[in-house]
Amino acid sequence: MNSKKFFTNPFLSIAGLLLTLFAPSGFADGHQGVQILKQLQVHGFLSQGYIKTTGNNVFGHSNNSGSFDFREMGVTASLRPLPRLQFSGQLLHRRAGEGSDGGIRIDFGFLDYNFINTPGVELGLRLGRMKNPFGFYNDTRDVPFTRPSILLPQSIYFDRTRNLALASDGAQLYGESRTDWGNITIQLGAAFPQVDDKDTETSIFGHTTPIRGYLKSRLSYIGRILYELPDGRLRLAVSSAQLNVGYDPSQNDIFESGSFRFSPLILSAQYNAERWSITSEYALRYSRRHGFGNPRLDQSSTGDSFYLQGIYRFLPGWEAVLRYDLLFANRKDRNGKKFAAVSGHPAYSQYARDLTVGLRWNITPSIMLSTEYHRINGTAWLSPLDNPDITSTKKNWNLFAAQISYRF
């Protein structure tokens with residue numbers, strides 16, 4: 001289906017897809033169908049952002065004059081036809097530079113069956129397309145109201161390879177134990193990641209390498225264990241995954257049938273008080289390219305990331321955020337000098353240090369206005385699609401962002 005034609009009447013298209021997605025067989029019985037429809041819940045959000053940068057581009061041509069090419073719109077629906085069975089899904093339109101060029105896609109859509117649900121224990125199974133349980137924010141990162149800032153910490157939640165880490169198609173087993181000393185939630189999944197996008201292709205092959213074959217999703221694994229005090233004051237989590245991608249070469253291809261593996265380990269901690277919150281996450285990111293028949297590609301490396309973030313709710317409806325964010329593409333080459341000597345590309349493309357200050361105003365429960373400023377050293381998390389000439393990027397640069405969001 002042509003995405004541009006599909007988006008000419010987005011709300012009508014969304015309604016039709018939701019009806020198809022959630023229509024249960026019980027609708028054949030008129031009375032039963034009416035009762036089930038009464039349980040249908042529909043929510044949504046939309047936002048418009050503005051990004052202005054110096055020296056480099058983020059989410060479009062943001063350098064100098066700024067860019068309004070940052071829009072998000074989603075509709076979420078859930079339906080419980082049976083006490084233990086629930087259908088959930090979200091359709092998303094996102095425009096954010098060359099990596100997300102619009103259209104409407106299924107962000108997630110799955111059925112959730114509860115085997116056990118008591119005051120102390122819950123156990124269930126989800127089947128379909130589900131958000132990957134990475135860290136604290138990946139599950140809900142598409143909804144502006146759930147993010148601590150307009151841009152999530154890019155050292156952990158990359159926007160340049162967003163689709164690969166965002167959601168997968170498969171099965172997820174989840175369970176929760178609730179006690180007086182705290183709640184433990186475990187999610188374990190086996191699924192196929194989303195790889196049919198330019199961002200994933202660029203992250204594997206580089207932005208200057210045209211490929212003739214195509215990427216294929218392979219069975220991958222993901223899990224998260226989260227501990228939380230009953231009052232939510234303290235939260236601790238460990239997330240890990242093994243994301244597998246294969247490559248099918250075409251005839252006379254310059255590459256062979258290779259594979260790519262990405263295995264992050266994320267440690268997360270958060271403390272919440274009445275008026276302030278402190279959050280920190282650390283990640284080790286192992287990646288391996290193998291079997292492409294090209295020494296430049298057939299390599300492995302381990303990067304690491306860290307951020308420390310504070311949020312202060314100084315007035316009703318108002319909050320400020322302060323964050324320091326660190327990213328190193330290779331922990332054995334933190335300054336990028338070895339990479340620069342081999343590739344001829346700037347050493348600063350292998351790291352990024354980001355100091356962020358932001359302000360958020362919840363004008364009403366449905367309307368939010370956010371602004372933030374970033375002072376950045378390095379370009380490791382910049383999208384090559386928005387910055388095709390890596391040699392023309394700037395080492396030290398600034399980013400200003402503003403966003404207005406609405407939910408219903």
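How many nonpolar, polar and charged residues does the lining of the second largest pocket have? By class there are 9 nonpolar, 15 polar and 12 charged residues; here Ala, Val, Leu, Ile, Met, Phe, Trp, Tyr, Cys and Pro count as nonpolar, Asp, Glu, Lys and Arg as charged, and the others, Gly among them, as polar. This is a predicted model, in which local features need pLDDT of at least 70 and side-chain atom pairs count only at pLDDT 80 or more, while totals for chains, interfaces and linings use all residues. Residues are numbered from 1 along each chain as its sequence is written, and side-chain values use heavy atoms, with hydrogens and water left out.

**The second largest pocket**
- This pocket has a volume of about 850 Å³; a pocket is an open set of points on a 1 Å grid over the protein atoms alone, with protein on both sides within 12 Å along at least five of seven lines.
- Its lining has 36 residues, and Arg126, Asp139, Thr140, Gln187 and Arg224 lie nearest the centre; a lining residue has an atom within 4 Å of a point.
- Among the elements giving two or more residues to this lining are strand E1 (41–53), strand E5 (121–131) and strand E8 (214–228), where a strand is a DSSP run of at least two residues, numbered from the N terminus.

**The cavities**
- The whole structure holds 5 cavities of 30 Å³ or more, a cavity being a set of grid points where a 1.4 Å probe fits but cannot get out.
- The largest cavity contains about 150 Å³ of space, and among its 17 lining residues Phe59, Asp159, Arg160, Ser383 and Asp386 lie nearest its centre.
- That lining divides into 6 nonpolar, 5 polar and 6 charged residues.
- The second largest cavity has about 100 Å³ of space and is lined by 16 residues.
- Strand E15 (367–378) is one of the strands that each supply at least two residues to the second largest cavity's lining, and E15 gives the largest share, 4 residues.

**A buried glutamate**
- Glutamate 281 sits in strand E11 (residues 276–290).
- Glutamate 281 is buried yet has no salt bridge; buried means under 20% relative accessible area (1.4 Å probe, protein chains only), and a salt bridge is a side-chain nitrogen of Lys or Arg within 4 Å of a carboxyl oxygen of Asp or Glu.

Conventions. Grid points are joined across faces, edges and corners, and a volume is the space filled by probe spheres set on the points. Buried means under 20% relative accessible area, exposed over 50%, partly exposed in between (1.4 Å probe, protein chains only). Lys and Arg count as positive and Asp and Glu as negative; His and the chain ends are not counted.
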